[in-house]
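Trainee: I'd like to learn how to read a structure like this one, feature by feature. Could we go through it together?

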Amino acid sequence: MMARSITALIAFAASASAFAPQPQSKVASPTQLNAMSKSLPFLTAPSNLKGYVGAEAGFDPIGFSNWFDIKWLREAELKHCRAAMLATLGFVTTQFVTLPGLEAVADSNMAPTVVGPGPMLSIVAWGGIMEFWTNKGDVTMLKMFKDENRIPGNLGFDPLGLAVGKTDEEMAELELNELKNGRLAMLAIGGMIHHNWITGGALF
């Protein structure tokens with residue numbers, strides 16, 4: 001009788017263990033190992049953007065930062081941002097303001113035909129000179145950042161003193177604002193130029 005009771009007890013314990021929760025595996029999934037991008041949550045956040053302003057968004061869907069020097073990419077982005085902000089302002093202003101001695105044009109796309117090739121070529125020439133001067137002749141991607149302490153986009157140009165007395169947090173905020181406004185300007189100038197091409201008329 002006692003043997004039967006023991007056998008029944010063992011069988012019950014074995015059957016109950018089948019319903020007990022199993023221990024969780026300690027192996028992390030790929031999603032846990034790699035944080036997801038905030039801007040594109042279906043992609044992993046690019047690791048090479050860490051430490052740079054704007055990296056928290058994790059936007060690099062093509063993976064440029066995996067193939068090119070991130071310093072060179074940021075330098076190029078900031079230069080295009082600054083040029084686009086100036087171009088956007090100039091494109092809108094041209095429609096309403098005409099410099100003395102020049103013919104007024106409603107379509108800002110036609111402004112280069114009014115001033116002629118000389119001023120347009122001078123912009124390219126001065127741009128090249130500034131590029132050569134600010135990089136001390138090292139204008140290629142391989143040599144531009146041979147000085148590891150060089151910060152992309154920091155040319156020491158601050159005539160209004162906006163960076164004077166700023167904390168690291170305040171500087172990071174200013175740099176992020178420049179980056180966001182510059183990216184918006186790149187989209188804006190492209191949109192305005194194509195608007196005038198398609199419509200054949202003025203922007204406003």
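**Reading the core**

Mentor: Happy to. The largest nonpolar core has six residues, namely Ala-84, Phe-91, Ala-185, Ile-189, Met-192 and Leu-203. A nonpolar core here is a set of buried Ala, Val, Leu, Ile, Met, Phe, Trp, Tyr and Cys residues joined through side-chain atoms within 4.5 Å. Buried means under 20% relative accessible area, exposed over 50%, and partly exposed in between, using a 1.4 Å probe and protein chains only.

Trainee: Which helices each supply at least two residues of this core?

Mentor: Those are α4 (70-96) and α7 (168-199). The largest share, three residues, comes from α7. Helices are DSSP runs of H or I with at least four residues, strands are E runs of at least two, and both are numbered from the N terminus. As a general idea, nonpolar side chains in soluble globular proteins tend to be buried together.

Trainee: What does Met-192 touch?

Mentor: Leaving out residues up to four places away in sequence, Met-192 touches Thr-88, Phe-91, Val-92 and Leu-203. Contact means heavy atoms within 4.5 Å.

Trainee: Before we go on, what kind of model is this?

Mentor: This is a predicted model, where local features need pLDDT of at least 70 and side-chain atom pairs count only at pLDDT 80 or more, while totals for chains, interfaces and linings use all residues. Residues are numbered from 1 along each chain as its sequence is written, and side-chain values use heavy atoms, with hydrogens and water left out.

Trainee: How many helices and strands are in the protein chain?

Mentor: There are seven helices and zero strands, so the order from the N terminus reads α-α-α-α-α-α-α. Of the 204 residues, 20% count as buried. Among contacts with a separation of 6 or more, 51% are between residues 24 or more positions apart.

Trainee: Which residues form a nonpolar patch on the surface?

Mentor: Ile-62, Phe-64, Trp-67, Phe-68 and Met-141 form one, with about 580 Å² of accessible area together. Patches take residues with over 30% relative accessible area and no salt bridge, joining like charges within 9 Å and nonpolar side chains (Val, Leu, Ile, Met, Phe, Trp, Tyr) within 5 Å. Accessible areas come from the Shrake-Rupley method with a 1.4 Å probe, and for residues only the protein chains shown count as cover. Phe-64 sits in helix α3 (residues 64-67), and counts as partly exposed because its relative accessibility is 42%.

Trainee: How many salt bridges does a search of the whole structure find?

Mentor: Seven. A salt bridge is a side-chain nitrogen of Lys or Arg within 4 Å of a carboxyl oxygen of Asp or Glu. One of them pairs Glu-77 with Arg-74 at 3.2 Å, N to O. These two are separated by about one helical turn, because they are three residues apart in helix α4.

Trainee: Which side chain meets Lys-79 in a salt bridge?

Mentor: That of Glu-75, at 3.3 Å, N to O. Both lie in helix α4, four residues apart. Lys-79 is partly exposed, with a relative accessible area of 24%, whereas Glu-75 is buried at 2%.

Trainee: Where does Arg-150 lie relative to Glu-75?

Mentor: Arg-150 forms a salt bridge with Glu-75, with the closest N and O atoms 2.9 Å apart. The pair links distant parts of the chain, 75 residues apart: Arg-150 is in the loop between α6 (117-134) and α7, and Glu-75 is in helix α4. Both residues are buried. Through shared partners, salt bridges join Glu-75, Lys-79, Glu-131 and Arg-150 into one network.
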